[in-house]
Structures are given as C-alpha cells and as structure tokens.
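This briefing is meant for a reader who is meeting this structure for the first time. Please look over the sequence and the model before reading on.

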Amino acid sequence: MSAPTTTIQYDKDHWRTTLRESPFHARLAPLNIRHNWIGWAGYLSANAYYEESIEYFALRNQATLYDLSPMIKYAFRGPGAEACLNRIVTRDVRKQKPGRVSYSVWCNDAGHVLDDGTIFRFGPEEFRLCCQERHLPWFLDSAQGFDATVEEVTDQVAGLALQGPCSAAILRRLGIAEVERMKPFDLVRVTLDGFALELSRTGFTGDLGYELWVAPGDALALWDRLMVAGADYGLRPMGSNALNMARLEGGFIMPKVEFVPAAQALRQRGRSPFELAQERQVDFAKGPFNGRRALLAEQAAGSRHILVPLELEGHKIVAGSLAYHRQKKEIGFLTSAMWSPTVKRAIAFASLKRPYGDTVKDDLWVEVYVQKELKWDKVMAKATVVGRPFFDPPRKKATPPGDI
Amino acid sequence: MANSYDVIVIGGGHNGLVAAGRLAKAGRKTLLLEASERLGGMAGTRLLDGVAIPAGAHLVYALHPAVERGLDLARHGLAYAHRHLPTTAFDPAGRAVTLDAKGATGVSPADAAAWAALEQRLLRFAGALAPLREKAPPLLVDGGWGDRWALLKLGLSLKRLGKAEMREFLRIVLLNAADILNDGFEDELLKAALAWDALLGTHLAPRSPGGVLAWLYRLSGRAGGAAPLALPKGGVPALIAALAAAAKAAGAEIRTAAPVARVLADADKVSGVVLAGGEEIAAKAILCTTDPKRTFLEFLGPGLLDTGFERAVRHIRARGHVAKLDLLADALPPALLSAGAQGRILLLESLNQLEESFDAAKYGDPPARLGAELLVPTLLDGGEAGAWQHLSLLLTYAPTAPRAGAAATREAIQTQALALLDARFPGTSAAITASSLQLPEDLAATHGVTGGDWHHGETTIEQLFVLRPVPAASRYRAPLGGLYLGGAGAHPGGHVTGLPGWNAAAALLEDKA
C-alpha cells in the first residue's frame, strides 16, 4: 500500500492578478465611473457605480442589477447529497422539494454558526449551496460516508440579482412566462434566446426580486438583454453599499458583521443560531446534524447572547455603538445600523447579553458619538426592540408578482 | 430484537475482557462480542503449524494491580513464571549487556552507576504521573472540582520532587531519548537497549522529540507494584484465559466469531449492534474496545457524529512499526538454549542503527539493520531444552506501508531476521521447522487495528491524557449517548495494562448508563 502520487498543476502566475474580473466585468467596468472597487472573495466588486443613494432608491422604486458572481458556490450531487447536506445544516433539507430554494445556517461541533447561505435544490440528487465564506474542506469531510460529491463551482456560474418593484415586469418583457407562477423561493430552469438560465425568486434586499444564474460565457448576453428590457423601467446597476442598506431593512444578517464565522472565531467568540435570531432554522426533530448536541445543551442551559432588531430615537446612528440598560450597564453593541430612508427611522441590529433584549426589553439605550466640525457630542438614544424585517412590502410575496 | 443486554462490550482483547468482568461484577447484564474465533486479540493465541502460540504480545508489561485484585485473577488461574524478566542485549561482536532488577552489568562502572541513577529518577518522575492513570484524565479547562483537585494533586506530586528534580523533569519531559542517553552513557549497546524499551511500538526513533515522554508513560505503569516485564505461567494467553474466566464467573456472556458490522444509534443514543451475519442485539450501552478510528468511523453510520469530531478522529496517528516473527524449532543451538532460558534477548547495535532503520521504515522500506527482541517462552515457562521451542521475535522498525508490497517486504525482513539470529547463534535457522512473519499491516488485517499500531494510537503528547484519543472523547465517553471507549486508544492506553477497559467500565457505571 503505497501513497498515491498526484501532481497538481498550479498556474504559477496567478499572483500577478490580485483580484479577478467577474464574467460581467466588460459591462461593469465602464459603468463604475469612480472606480469604486473592493475585493470580494478574490473578485473585483463595486461598492457603488455612481452614488449609493441613487442606487438604493432605484432598488426601492425601479429595479437594479447586482453582480453576484463572486458568491461562493458549492455543488452537492449524488444519491446521498440530500443526507449529506442534512448533516451539515440545521434545518431539514428533506422537506425542501426540487425547484425550491431555502435559507440555512450551518454550525461546527460547538453549535457555533460557520456561515449562512441558500440551498438551491434542482432535483432529487442535485443541490447548489451559495454562501459568503469558503468551506470546501469542511464540506468534503462532512461528505465522507455519504454517496455524494462536493465541488466548488464558484467560477462555473455567473449570477445577477435583479431586484426591485419592476423586476418582474422586466422578466415579463424578456418573455419568461414562468414568472407568473413563481412564488418566493421558487427555482426554475428556462431557456432564454438559446442559452440556459436558472431563475430563482430570491434576494438579499427584502423586496420583490429574482436571481439569475448562467454559464460565464453567457453572462454578457444576459446583461445586455436585461439592460435593454429594463431601459424603460430605470434599471441600473447597484453596488454593495446600497445592497447593505437594503439587506438591513430586509432583516438579513451578514457574516463577519452580525457574527464571526466560527472557523475564524477564537476563544468561544462564535455565536449559535439561538444567539443570531435563527431559532426557527434549528430542527431538532430531523435527526443528527452538526452541532445538535451542543445546541441541545445550550437550549437547556440558556444562551449567552441575543441578536435583536432595534428602532432608535433620532436619526444619527452608527454601527459599533454601545448599548446600555438604564443608561448605566453596558449590555452589548450595534452590529449594523442606519437611517432607513424607506422606514424613516433609525434601525439597527444589536448583539446583547441576555437577559437584555430577551426578557428585559425596557429602558434600553444606545450611546452615539457624533462629530460636528471637530467637536464630538455624545447622546443617549432610546432603543426599542421591534420585529423583523424592518421593511416588508406586500409586493415581496405577491404571486403573480405585480406589474408596472 | 430477541435478546437484550445492559451493556455490549465490543472486542475480546484484554481491555474488553477486563471491562466485561468489571461490568458483570457490578451486576450489569453484559455481553462481550469478539470478531475472531479466539479471545485475546493481540494478546491471544494463533496457530502455527497446528501449535497454539501467542498472537502478538509475548510479555505482559505493567498489568495494573487494581485490575488483578479487582477481578481476582489469581483465583481464576493467573500466576507468573517471571515478574521481572532479565534482559540481555548482544551486539554483533557478541558483547553482552544485561539489565535486570539489580541494574546493568557488562558495562563500565560509570555507566552502571549512571543507569542506576537514571532509572531511579525516571521511576520517580513516572511515579508523579502515575496517579493520572487510575481514573479519567482531568479536564484542563471547564472542568469541575474533581478535575481541579486532580490537577492540583498532579502539581503537588511534581512539586514534591523538589525544586531541582522538578526542573529536571520539565527539562527532559519533551526531549528525545537519544539526548538523555548520550548525555548519561558511553556504552552504545546499553543506550540502544534502553532506547528499545523506551520506544518499542511507537512511531518514534531515538532522536524523535517525545521519546522521553513515551518512556515515562510506559514506566508510569510500574507505579503501585505492577510487574514490570512479566511472563504469566502458560504465556500471555494465560492472562486472557484468566480474564475470560473472571468475566464468565461474574456472569458476563462471551461470544466469539461474532463480528460487529454496525452500532445501532439514533441522533441521541446507541441502541444495540448488528452483527456481520445480520443478527441484531439490543443494549442500553456499548463499550467499544476496538481502536478509535474503527469505532467511530466504521461502526457508526455516517453523520451520527459531528464533522469536527470525525475530522479529529481521522487525524489520530496510528502507525505501527513492529513486525512479529514466530518460529518453531526442533534442535536449537546450545548457545541459544542457554541464553533463551535466562530471559529476554535483544540483538542490537546502536542508537544510530535504530535511527537509520526508522528512517527507512517511515518511507516504506525495510531497514538495512533491524533490531530484534527474542523471547523463547517455551524455555522460560518450565519447558525442557530438548523439546521443540517457540521463538517469538519483535522486529523493528518495519514499514507501516511497505513500498515494495507486503510479500517482498515480508521476505526481506524475515531473511534479515534469520541472518541476525544465525550471526549470534549459528545454526538457528537450520533448526526452524515452521515460520510466520506478520507485518504491521498483517496485524491490522488480523486484529482490526488501524495501522497495525499496538497502542491503538501513538503514545505521543498530542494523543495522551486528556487528548487521548481526541479531546471530545477523552474521558471514555463518546459524544453519543451510551457509547463508551475502553480500548488501548483510551487513556491510559497502549501496552497491556487493562486500565482503559477498567476505567471505561467505571465511567459507564458512574453514569448509570
């Protein structure tokens, strides 16, 4: 029994390209007139193309395109793919039918969240999982013993998020009949002018919206068709700044913002689903899954933290501000915060130490520092725990989706 | 399911029998399942040319007195032919060094004095570690008062060594064996003989870091009066017979030729086993004495344990490097008969020889100059010089994964071993009537031990105490309700001490599982 020898050919010049270009780059680059790029998972990605507030209002009133291609994607395939995924995530994947998408979190042995993402089920034995962080070693180890393969397909799939009240109308104009019957989290495979398109009614904006997935070679053709069909609807590209505003209004948590992914957290600084307002994601009845024992123990002993949606007095608010009980006792901090132009209130997610935010919800305050021309002021803003999402328009769920 | 038990013990090696005996004595309805036809595993018997010979271990090292007393093994037939067998090491020039209870002879007075001092010191250090062996290892963090008390006691027992000795302990505890041997001795043969006992069965060469800890770990088994190098009357298999008799007398049921295919469990708890033949047997708890990799990765269905736990188990290092050669002989040369009747024989050269053989073995090649331990149990156990004899040899370092294939490697090692015997005792190979060589991979196949590693996981610091076999299962309890780990892969495993099985049974009883 000798060790197998494998030779992996690496591209020796890979380091010359520090950030790669997305399949849509040829169209995005001229639009990014301020060269406002950041790196996202090794790709160039736009913070804003022109101005984030214009993009934000386009999202809430017209429609926007957001380049999703750098999103990390894994294909799970094979007769054991369902069981394998079910072992990884906390919800019951068996209940997810082909043609549906689900939101999921997954944990390590300690019950701390490694990441969250969406699972696309194309068929009985075919899944795709989209997320922020890279997890291939964890998924490969999790797949041992299951009749399933795991492959990273990030580079094999280009994606666009078409979001906003006009998004369904634009797809109608492209002649995609399936739009009429697609409910939220539905997933279809269609053909558009000869190329294959995967279309899901999903998004990260809390609005009516779709995500469109194609082979990288078809990316520019998809972009051009959408921009033509969307011209009359004010369709425009959107960057990450506006998306981040929309996702907070939509009540979505972000890895590295609302929690430190457990694989990067030292000294028990991970967070369990119970500490991230994801209780409903945990299905103890489904059988074994990663973190189950730790989460059962945590449920019995009580969690240490809680993530709560807050509304705050005033309009000046900053993420990272400390939260207090009775203006005295420090109880946590704001993970995300903004003035919401749509809700017309200051909104935030706060990570608090229980029982604050859990059973003790009155007399909560947030300390905000504001600078006015080099002079710092400190104000205590009253905070109220509210429900999620902050923004929940009926158009998000209406089926068939509204036309404009 | 027709039959149902309180506890099923998987594996009929010495630890399985010890656990079954203790559980049955405590009133648990206990069933022990052994995959092969014979009990004992690597401490049992096998047939060579129709003769029953020890399958693996030919000596008992530090069987713990608590086990002997607790199971009343003397009443069940355990008696020793020798409790502290002398060892004679020969180098190729024929020079001999003898090590026994009185010390070293055949070496310079300086070396003899140095060994007397070092042995005392090592035993003192080992004694400070010894209390850790008798129960579950204490947790370093997040433990209860019991853990803190045990750690405090460990700290105190190290402190009681005195300032200078404690400093010396901390200096050498993670050293390699060659460093302290070269510091203290001039005699190459003596150094090689001491390194042999320090490192036998490990994936450590004289210059590998951690050799001293492996040595201390082994020596700590001697605290409390355990026989250091013992040969039971009737050989090691007689210990197995006594353990089986004790377990049966206590009411345990024992089934051989009953290989377990799978452990039945849901997300929370085990419920029984399925045998390879399809038979299902229910049990409230299962105490597994197979090695941790097999226990967790083969017996349990996928997904029952968490990915991080399985990953840690997959990374347990278990690389055996000892080949076992058994020979039957008719008319042995008189020199061998007289040396074999004295005790254990080592055929060695130097530390460098061992280091070089390890180098070859770790890359999958048979070494150029093997080291050998030879025992003639038939002579030591009241046998007559004229009758047929069994020669039991441990050869190291043998490759865990032979590059040239098993057959070629077996032949290369056997040829070299016979040449080694003939060089020291001319005419030996001519007297051989039957022979059988087992490489580590043969031990793995016959006894189901990963890597052919005797110790079910190497005895290096990252796999000892609260880290054995992995942190999340270090106190005999698997992270699955009702599943216990009691083989040599559990603390304080390795060697033939009986303690892992004994302690695991105690953990199960403590949980009222």
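The model is predicted. In it, 18 residues of chain A are in contact with 17 residues of chain B, and the two chains bury about 1600 Å² between them.

**The interface of chain A and chain B**

- Of the area of about 1600 Å² that chain A and chain B bury between them, 42% lies on carbon and sulfur atoms.
- Four salt bridges are counted between chain A and chain B, and in one of the salt bridges the side chain of R293(A) meets that of D306(B) at 3.7 Å, taken from N to O.
- Across this interface there are also 15 residue pairs in polar contact, with both residues of each pair at pLDDT 80 or more.
- On the side of chain A that touches chain B, α4 (136-143) and α8 (292-301) of chain A each supply at least two residues, and α4(A) gives the most, with four residues.
- Sorted by class, the side of chain A that touches chain B consists of seven nonpolar, six polar and five charged residues.

**A covered strand, β12 of chain A**

- Strand β12 of chain A, which spans residues 209-214, is mostly covered, and six of its six residues are buried.
- In a regular strand, side chains alternate between the two faces of the sheet.
- In β12(A) both faces are covered, with G209(A), E211(A) and W213(A) buried on one side and Y210(A), L212(A) and V214(A) buried on the other.
- Strand β9 of chain A (residues 158-163) runs antiparallel to β12(A) and is joined to it by six bridges, and here Q163(A) has G209(A) as its bridge partner.
- Strand β11 of chain A (residues 195-200) is likewise antiparallel to β12(A), to which three bridges join it, and here L199(A) has L212(A) as its bridge partner.

**A covered helix, α3 of chain A**

- Helix α3 of chain A, made up of residues 81-88, is mostly covered, with six of its eight residues buried, namely A81(A), C84(A), L85(A), N86(A), R87(A) and I88(A).
- These buried residues of α3(A) pack against β4 (72-77), β5 (100-107), β6 (113-123), β7 (126-131) and α4 of chain A, and also against α11 (307-314) of chain B.

**A hairpin in chain A**

- Strands β1 (residues 37-40) and β2 (residues 43-46) of chain A pair in the antiparallel sense over four bridges, and G39(A) stands opposite L44(A) in β2(A).
- The hairpin that β1(A) and β2(A) form has two residues between the strands, and A41(A) in the turn has a positive phi of about 50°.

**Cis peptide bonds**

- In chain A, the peptide bond from R388(A) to P389(A) is cis, with omega near -10°, and P389(A) is found in the segment after β19 (375-385) of chain A.
- In chain B, T396(B) and Y397(B) are joined by a cis peptide bond with omega of about 0°, and Y397(B) lies in the loop between β17 (389-396) and α15 (406-424) of chain B.

**Positive phi in loops of chain A**

- K256(A), a residue other than glycine, has a positive phi near 70°; K256(A) is found in the loop between α7 (240-249) and α8 of chain A, and is exposed, with a relative accessible area of 54%.
- R326(A), a residue other than glycine, has a positive phi near 55°; R326(A) has its place in the loop between β15 (322-325) and β16 (329-340) of chain A, and counts as exposed at 57% relative accessibility.

Methods: Residues are numbered from 1 along each chain as its sequence is written. Chains are lettered from A and ligands numbered from 1 in the order in which they are written. Side-chain values use heavy atoms; hydrogens and water are left out. Contact means heavy atoms within 4.5 Å. Buried area is the accessible area (1.4 Å probe) that two parts lose on being put together, summed over both. A polar contact is a pair of N or O atoms within 3.5 Å; within protein, one must be able to donate a hydrogen and the other to accept it, and residues adjacent in sequence count only if both atoms are side-chain atoms. Ala, Val, Leu, Ile, Met, Phe, Trp, Tyr, Cys and Pro count as nonpolar, Asp, Glu, Lys and Arg as charged, and the others, Gly among them, as polar. Buried means under 20% relative accessible area, exposed over 50%, partly exposed in between (1.4 Å probe, protein chains only). Two strands pair if DSSP finds at least two bridges between them.
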